[in-house]
Amino acid sequence: MKRIVAFLMSVLLVAGVLAGCGSDENNIENKQGVSRTIQQIKDSGFIKIGVFCDKKPFGYVDENGTYQGYDVYFGNRIAKDMDVSVEYVPVEAASRVEYLKTGKVDVILANFTVTKERSEQVDFCLPYMKVALGVVSPDNSLIKDVKDLEGKTLIVSKGTTAETYFTKNHPNVRLLKFDQYSEAFNALLDGRGDALSTDNTEVLAWALENKGFSVGIESLGDIDTIAPAVQKDNTELLDWINNEIKSLAEEQFFHKDYEETLKPVYGDAVDAENLVVEGGVVTK
């Protein structure tokens, strides 16, 4: 019996070592960040797209566990036109670049603002939305000007343009940072900060669904664009998505996307023309 027990333990030990080796190999491959070709994506039968799971109405999981939102609507179309299924991978703002660099996803569609710094690490496709920063705060102490934030606490999410903007331009504003958007907005609800800043489209949508809060600063900083991103030098996939965006302009796809996913939230509070970009061409 002792010999049998010893034998079984040795088998389990070997299996554990082998499993560990397999895990190490996967880690090595992820660190190398080998991107997949379009043919490899098609051969696998699915495309991996990184999206937010808690950023309604752009990327979120509904009560049925299904991914929804403006970004997801586009992701579904990409998969359809590539004739594959889609595997959505939840990401956080600070992890978007890393998920591409390590090959954990093929594409990022997570409200990704195009910046010079990010462009040095990933390749951005043509834009499909334009945006600026906004600030939301309680109605009883509404922040209407950046000067009102001096000496106060502003809530931001890590890895966002809001974090970068305020760190660089307004160092006197204390920043309370969170990994997830849901955590950040909960902190505002709990009164742990005086205001919250992220894309103006997002704070407006949130304020419309949360009584007692308003967007006192509707546009801050430069007008930026939101675009899909792929791993650096994955020119083949970059070109495919760019051609997809151009071709979708013929059917005004992103206006339909807006009507389906954003209009129910914004109502008449937002003009679609101030947000939607068709064919990758930005108009003021």
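Student: Is Leu154 buried or exposed?
Tutor: Leu154 is buried, because its relative accessibility is 0% and the cut-off for buried is under 20%. Keep in mind that this is a predicted model.

Student: Where does Leu154 sit?
Tutor: Leu154 belongs to strand β9, residues 153-157.

Student: What is Leu154 in contact with, beyond its neighbours within four places in sequence?
Tutor: Its contacts include Val135, Phe166, Leu176, Ala195 and Leu196. Take Leu176: it lies 22 residues from Leu154 along the chain, and the two C-alpha atoms are 6.0 Å apart.

Student: Switching topic. How many disulfides are there?
Tutor: The structure has 0 disulfides.

Student: Now the cores. Which residues have the most contacts inside the largest nonpolar core?
Tutor: Ile47, Tyr70, Phe74 and Tyr258. This core has 40 residues.

Student: Which elements give two or more residues to this core?
Tutor: Helices α2 (38-44), α3, α9 (235-248) and α10 (253-266) do, along with strands β1 (46-51) and β8 (129-138).

Student: What about a second core?
Tutor: A separate core has 28 residues, including Phe52, Val122, Leu196 and Trp206.

Student: Back to Tyr70. What does Tyr70 contact, leaving aside neighbours within four places in sequence?
Tutor: Among its contacts are Pro57, Phe58, Met129, Phe254, Tyr258, Leu262 and Val276.

Student: Which residues of α3 are buried?
Tutor: Tyr70 is one of them, and the others include Val72, Phe74, Ile78 and Met82. Asp71 and Arg77 are buried too.

Student: Why does the end-to-end distance of α3 agree with what a helix should span?
Tutor: α3 has 13 residues, 70-82, and at 1.5 Å a residue it should span 18 Å. The end C-alpha atoms are 19 Å apart, so the two agree.

Student: What follows α3?
Tutor: Asp83, with a positive phi near 65 degrees.

Student: One more topic. In what order do the 3 strands of the open sheet come?
Tutor: The order is β2-β3-β4, with antiparallel pairing.

Student: How many bridges join β3 and β4?
Tutor: β3, residues 59-61, pairs with β4 over 2 bridges. Tyr60 has Gln68 in β4 as its bridge partner.

Definitions and conventions
Residues numbered from 1 in each chain as written. Predicted model: local features only at pLDDT ≥ 70, side-chain atom pairs only at ≥ 80, totals over all residues. Heavy atoms only, no water. Helix = DSSP H or I, 4+ residues; strand = E, 2+ residues; numbered from the N terminus. Expected span 1.5 Å × (residues − 1). Buried < 20%, exposed > 50% of the residue type's maximum accessible area, 1.4 Å probe, protein only. Disulfide = S-S within 2.5 Å. Core = buried A, V, L, I, M, F, W, Y, C linked by side-chain atoms within 4.5 Å. Contact = heavy atoms within 4.5 Å. Pairing = 2+ DSSP bridges.
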